[in-house]
Amino acid sequence: MAYPAQLGFQDAASPIMEELMYFHDHTLMIVFLISSLVLYIISLMLTTELTHTSTMDAQEVETVWTILPAVILILIALPSLRILYMMDEITTPSLTLKTMGHQWYWSYEYTDYESLCFDSYMTPPLELDPGELRLLEVDNRVVLPTEMSIRMLISSEDVLHSWTVPALGVKTDAIPGRLNQATLMTSRPGIYYGQCSEICGANHSFMPIVLELVPLKHFEEWLLSTL
């Protein structure tokens with residue numbers, strides 16, 4: 001969960017999000033080094049009157065400043081492609097959850113179980129219990145098991161939506177007439193919040209997502225109490 005004045009990402013709760021955070025730090029360090037070098041050169045040019053014409057016209061320098069940016073781009077592209085393929089990798093899922101976006105709420109269906117489906121609306125501020133989060137709490141949370149591969153099937157019935165949970169590194173568009181797929185695997189239990197990340201209309205800000213990740217034993221108990 002995000003907190004006031006937060007500068008970085010939320011704590012990672014899935015292997016994919018951990019890889020995304022490592023890649024962010026890797027790229028940010030490269031950008032920091034390049035920015036420092038450019039700032040140093042600019043300050044040097046402003047504070048000295050010396051001009052080295054032999055350096056400015058040297059073929060070796062032109063070769064270096066042509067090849068070096070290409071090497072830096074490769075160092076950024078290779079881990080980026082690796083994570084991209086990891087995010088699109090399709091494994092054998094232990095559970096399938098179908099998500100449909102509406103104006104302005106989500107509906108969920110556990111396709112492995114008959115008649116297990118429900119709508120998830122935002123809890124109005126006047127109905128919140130102490131400790132619940134305004135504009136982020138819902139009346140029906142999505143309960144899922146931890147440390148298991150979960151397939152998300154995401155679509156929409158009206159306009160474009162986007163099913164997003166930052167702590168899990170998941171952001172998938174819900175498009176009418178199209179079924180998108182995402183894979184979840186959480187490494188620790190907890191309650192994770194998200195929101196629709198697509199401008200889908202007047203109440204775009206009021207369709208939150210709440211996932212309750214629990215151990216398999218507690219998930220089975222929830223199933224028995226729900227079915």
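The answer below begins with the pocket and then turns to its surroundings.

A: The model is predicted, so local features need pLDDT of at least 70 and side-chain atom pairs count only at pLDDT 80 or more, while totals for chains, interfaces and linings use all residues. Residues are numbered from 1 along each chain as its sequence is written, and side-chain values use heavy atoms, with hydrogens and water left out.

The second largest pocket is lined by 22 residues, and those nearest its centre are I16, M86, M87, D88 and T183. Here a pocket is an open set of points on a 1 Å grid over the protein atoms alone, where a 1.4 Å probe fits, with protein on both sides within 12 Å along at least five of seven lines; lining residues have an atom within 4 Å of a point. The volume of this pocket is about 550 Å³, a volume being the space filled by probe spheres set on the points, which are joined across faces, edges and corners.

By class, the lining holds 10 nonpolar, 8 polar and 4 charged residues. Ala, Val, Leu, Ile, Met, Phe, Trp, Tyr, Cys and Pro count as nonpolar, Asp, Glu, Lys and Arg as charged, and the others, Gly among them, as polar. At least two lining residues come from each of α1 (15-47), α3 (59-88), β7 (170-174) and β8 (180-184); helices (H or I, at least four residues) and strands (E, at least two) are DSSP runs numbered from the N terminus. β8 supplies the largest share, 5 residues.

The chain is divided into domain 1 (13-86) and domain 2 (93-224), with bounds from an automatic or database domain assignment. Each of these domains gives at least three residues to the lining of the second largest pocket. The domain centres, taken over C-alpha atoms, are 39 Å apart. The contact between the domains takes 7 residues from domain 1 and 9 residues from domain 2, where contact means heavy atoms within 4.5 Å.

V170 lies in strand β7, an element that contributes to the pocket lining. V170 has a relative accessible area of 8% and is therefore buried; buried means under 20%, exposed over 50% and partly exposed in between, with a 1.4 Å probe and protein chains only. Leaving aside neighbours within four places in sequence, V170 is in contact with W163, T164, V165, A182 and L184. The C-alpha atoms of V170 and C200, 30 residues apart along the chain, are separated by 18 Å.

A contrasting position is E147, in the loop between β4 (142-145) and β5 (150-156). E147 counts as exposed because its relative accessibility is 60%. Beyond its neighbours within four places in sequence, E147 is in contact with T186 and S187.

Aromatic pairs complete the picture. The whole structure has 5 of them; rings of Phe, Tyr and Trp (its six-membered ring) pair if their centres lie within 6.5 Å, with planes under 30 degrees apart counted as stacked, over 60 as edge-to-face and the rest as tilted. Y105 and Y121 are stacked, because their ring centres are 4.4 Å apart and their planes are at 20°. Y105 is buried at 17% relative accessible area, whereas Y121 is partly exposed at 36%. Y110 and W222 form a tilted pair, 5.5 Å centre to centre with 50° between the planes. Y110 in strand β2 and W222 in helix α4 (residues 216-226) are 112 residues apart, and both are buried.
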